[in-house]
Amino acid sequence: MSRSPDHNPHILARRTVARSRLFNIEEIDLRFSNGAERTFERLGGNGKGIGAVMIVAMPDPDHVLLIREYAAGYEDYTLTLPKGLIDEGEDVVSAADRELKEECGFGARRIEPLVELSLSPNYMRQKIQVMLARDLYEERLPGDEPEQLEVETHRLDSIPALLAREDFHEGRAVAALYIARDKVKNEM
């Protein structure tokens, strides 16, 4: 059931309670239509970014490129899709192509929007644009990662096997792969 914006809670106050180089933590005091009042916290960006991209890069119709990178939140390396922030002055397609070159060493002649995803919308405002990249060619750009990322090629239809691994668990990457798999199947 979709509600009209008129039904949204009334924002009584909002304040930043903590700030870091990457994030702001904001408290929001709300009054709901039934009179209940609550304070919510949410994690926001630093206000400098204009969004983020995640790329499902397909070197051929059956395979996808995944990267292994250090995830500080888990204090371990994880397997995921290439992704990054959209720089000022970039559009989504240019950002996806740049991130793909930086993280995987490939550019793409064809990049198209796949889906927009959020992660934990009760606590975060960020969304990520998932892009499907095909017709890849080798080209590497220097990136901002502290070490060269490992790039692995996996079959697009091997998602259940990937999910059985301990190092593949990012929800956005899982959703993006299923959506890409279904799109590619429907094109055949």
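I took contact to mean heavy atoms within 4.5 Å. The model I worked on is predicted.

I began with Val130 and set aside its neighbours within four places in sequence. What does Val130 then have in contact with it? I found Met54 and Val56, a run from Glu112 through Pro113 and Leu114 to Val115, and also Leu117 and Ala176.

I then looked up the largest nonpolar core, which has 23 residues. Val130 is one of the members that touch the most other members, together with Met54, Val56, Leu66, Leu81, Phe168 and Leu177. I listed the elements that give two or more residues to this core: strands S4 (52-57), S5 (63-71), S8 (106-118) and S9 (127-138), and helices H2 (159-163) and H3 (171-187). Which element gives the most to this core? H3 does, with six residues.

Arg172 has its place in helix H3. Is Arg172 buried or exposed? Its relative accessibility is 18%, and the limit for buried is under 20%, so Arg172 counts as buried. Leaving aside neighbours within four places in sequence, I found Arg172 in contact with Met54, Lys83, Leu117, Ser118, Leu119 and Ile128.

Glu166 sits in the loop between H2 and H3. With a relative accessible area of 78%, Glu166 is exposed.

**Entry: aromatic pairs**

I searched the whole structure for aromatic pairs and found two. Such a pair is described by the distance of the centres and the angle of the planes.

How are the rings of Phe32 and Phe40 arranged? Their centres are 6.3 Å apart and their planes stand at 55°, so I logged the pair as tilted. Phe32 is partly exposed at a relative accessible area of 30%, and Phe40 is partly exposed at 36%.

For Tyr70 and Tyr77 the ring centres are 5.4 Å apart and the planes stand at 70°, so this pair is edge-to-face. Edge-to-face needs an angle over 60 degrees. Tyr70 is partly exposed, with a relative accessible area of 43%, and Tyr77 is partly exposed, with 35%.

**Entry: positive phi**

I looked for positive phi in residues other than glycine. Glu75 has a phi of about 55°. I located Glu75 in the loop between S5 and strand S6 (76-80), and Glu75 is exposed, with a relative accessible area of 64%.

Asp135 also has a positive phi, near 55°. Where is Asp135 found? I placed Asp135 in strand S9. At 40% relative accessibility, Asp135 counts as partly exposed.

**Entry: second largest pocket**

I then turned to the second largest pocket, which holds about 460 Å³ of space. Strand S2 (23-31) and strand S3 (37-45) are the elements that give two or more residues to its lining. S3 gives the most, with three residues.

How many residues line this pocket? I counted 17, and those nearest its centre are Ile28, Leu30, Arg42, Pro121 and Asn122. By class, the lining divides into nine nonpolar, four polar and four charged residues.

**Entry: the chain as a whole**

Last, I went over the chain itself. I found three helices and ten strands. From the N terminus the order is β-β-β-β-β-β-β-α-β-β-β-α-α. The C-alpha trace spans about 55 × 40 × 35 Å along its principal axes.

The chain has 188 residues, and buried residues make up 38% of them. Among contacts with a separation of 6 or more, 57% are between residues 24 or more positions apart.

Methods:
Residues are numbered from 1 along each chain as its sequence is written. This is a predicted model: local features need pLDDT of at least 70, side-chain atom pairs count only at pLDDT 80 or more; totals for chains, interfaces and linings use all residues. Side-chain values use heavy atoms; hydrogens and water are left out. On a 1 Å grid over the protein atoms alone, a cavity is a set of points where a 1.4 Å probe fits but cannot get out, and a pocket is an open set with protein on both sides within 12 Å along at least five of seven lines; lining residues have an atom within 4 Å of a point. Grid points are joined across faces, edges and corners, and a volume is the space filled by probe spheres set on the points. Helices (H or I, at least four residues) and strands (E, at least two) are DSSP runs, numbered from the N terminus. Ala, Val, Leu, Ile, Met, Phe, Trp, Tyr, Cys and Pro count as nonpolar, Asp, Glu, Lys and Arg as charged, and the others, Gly among them, as polar. Rings of Phe, Tyr and Trp (its six-membered ring) pair if their centres lie within 6.5 Å; planes under 30 degrees apart count as stacked, over 60 as edge-to-face and the rest as tilted. Buried means under 20% relative accessible area, exposed over 50%, partly exposed in between (1.4 Å probe, protein chains only). A nonpolar core is a set of buried Ala, Val, Leu, Ile, Met, Phe, Trp, Tyr and Cys residues joined through side-chain atoms within 4.5 Å.
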